[in-house]
Amino acid sequence: MALTLSQAAVVNTNPLAAGVIETLVPNSPFLPRLSFANISGNAYSYYTESTLSGSEFRAVNAAYAESTGTFASATESIVILGGDADVDRFIQATQGNPLDQMDAQVRMKAKSIAYKFSDTFINGDTAVDANSFNGLKKRLAGGQVIAAGPNGIPVVGNGGTDIQAFFDQLDNLLSVVPDADLLVANAPVIARFRSASRRLTSGAIGFDNGALGQVTMTYNGIPIVNAGTKADGSLIIPQTEVQGTATTASSIYAINFGGGLNDEGVVGLTNGGIQVDPPRQLETKPVLRSRIEWYVGLALFGTRPAGRLTGVLAA
């Protein structure tokens with residue numbers, strides 16, 4: 001059974017871990033929606049359909065032509081994401097409530113982990129960091145990637161035909177991921193979405209009010225969310241991608257979130273979930289340390305789990 005982190009927090013008996021999850025989830029656009037399947041060991045091996053066996057009509061007393069479907073094997077590894085939150089004994093003794101000092105450090109570390117996961121979810125590349133996992137940008141290829149024009153395409157442009165051309169390309173992306181649960185872009189592109197919505201008369205772009213008062217833009221009912229920033233403030237989906245002569249392009253991702261290991265879509269993998277060690281004093285230096293670790297990975301099941309539209313100009 002796969003659970004989102006919020007669902008896992010409800011049944012988690014470790015109050016420290018539950019508190020960390022409460023910080024992780026709102027600091028990532030993906031963690032509120034991504035389900036995590038708990039696996040044994042450090043990897044999950046599975047088979048995907050390569051070619052289907054044939055079917056045909058036959059005549060009376062005739063035989064079917066023999067045909068057999070083929071499979072491809074795949075393995076997804078889980079990796080270690082986390083960090084240490086330290087509080088010096090001097091700070092503990094001299095600056096306010098000691099529990100507040102450690103709590104603040106743990107929450108900051110959890111926020112940093114959320115940023116790191118979100119960045120890796122999109123940009124992860126084991127050729128760059130062998131200890132991480134591959135994100136959507138590295139995984140998606142072939143028919144899962146659609147180029148919005150040889151030199152990119154603006155969202156608004158001339159305010160008329162350019163808008164229609166852009167949304168035609170967005171529809172092409174959704175044809176690749178027909179069961180998409182989410183569209184993900186960067187802040188500059190989402191700002192242009194809002195500009196386009198003021199010029200469209202079709203009603204394809206809508207706005208939903210969340211339980212906490214937040215407003216989410218939708219396209220034909222599919223939420224459009226901001227991928228956000230890395231811990232250093234730079235965009236997770238940069239506006240510096242190159243497409244033809246364009247050097248200020250970006251991408252939009254369409255994602256179908258699967259519900260488990262047997263469900264088509266993007267699914268998180270974990271072994272044991274979020275683990276948080278209670279503060280303890282180190283022998284090597286006079287600090288209290290709490291460690292957060294998450295054995296985590298990512299899997300894309302089925303033929304249409306996600307897609308990417310490249311060459312999107314925030315213009």
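1. Strand β17 is mostly covered, with eight of its eight residues buried (buried is under 20% relative accessible area, exposed over 50%, partly exposed in between, with a 1.4 Å probe and protein chains only). Helices (H or I, at least four residues) and strands (E, at least two) are DSSP runs, numbered from the N terminus.

2. A word on the source: this is a predicted model, where local features need pLDDT of at least 70 and side-chain atom pairs count only at pLDDT 80 or more, while totals for chains, interfaces and linings use all residues. Residues are numbered from 1 along each chain as its sequence is written, and side-chain values use heavy atoms, with hydrogens and water left out.

3. Now the neighbours of β17. Two strands pair if DSSP finds at least two bridges between them. Strand β6 (residues 145-147) runs parallel to β17 over three bridges, and Ala 147 stands opposite Thr 310. Strand β7 (residues 153-154) also pairs with β17 in the parallel sense, over two bridges, with Ile 153 bridged to Val 312. Strand β13 (residues 246-255) pairs with β17 in the antiparallel sense over six bridges; there, Ile 252 has Leu 309 as its bridge partner.

4. Thr 310 is worth a look in your viewer. This residue of β17 (residues 306-313) is buried, with a relative accessible area of 10%. Its side chain makes a polar contact with the side chain of Gln 243 at 2.6 Å (N or O atoms within 3.5 Å; within protein, one must be able to donate a hydrogen and the other to accept it, and residues adjacent in sequence count only if both atoms are side-chain atoms). Beyond neighbours within four places in sequence, the contacts of Thr 310 (heavy atoms within 4.5 Å) include Val 145, Ser 250 and Ser 251.

5. On to the aromatic rings. Rings of Phe, Tyr and Trp (its six-membered ring) pair if their centres lie within 6.5 Å; planes under 30 degrees apart count as stacked, over 60 as edge-to-face and the rest as tilted. The count comes to 13 aromatic pairs. Phe 117 and Phe 121 have ring centres 6.1 Å apart and planes at 40 degrees, so this pair is tilted. Both lie in helix α4 (residues 98-123), four residues apart.

6. Phe 167 and Tyr 219 form a stacked pair, 5.3 Å centre to centre with 25 degrees between the planes. Because Phe 167 lies in helix α6 (residues 161-176) and Tyr 219 in strand β10 (residues 215-219), the pair ties together parts that are 52 residues apart in sequence.
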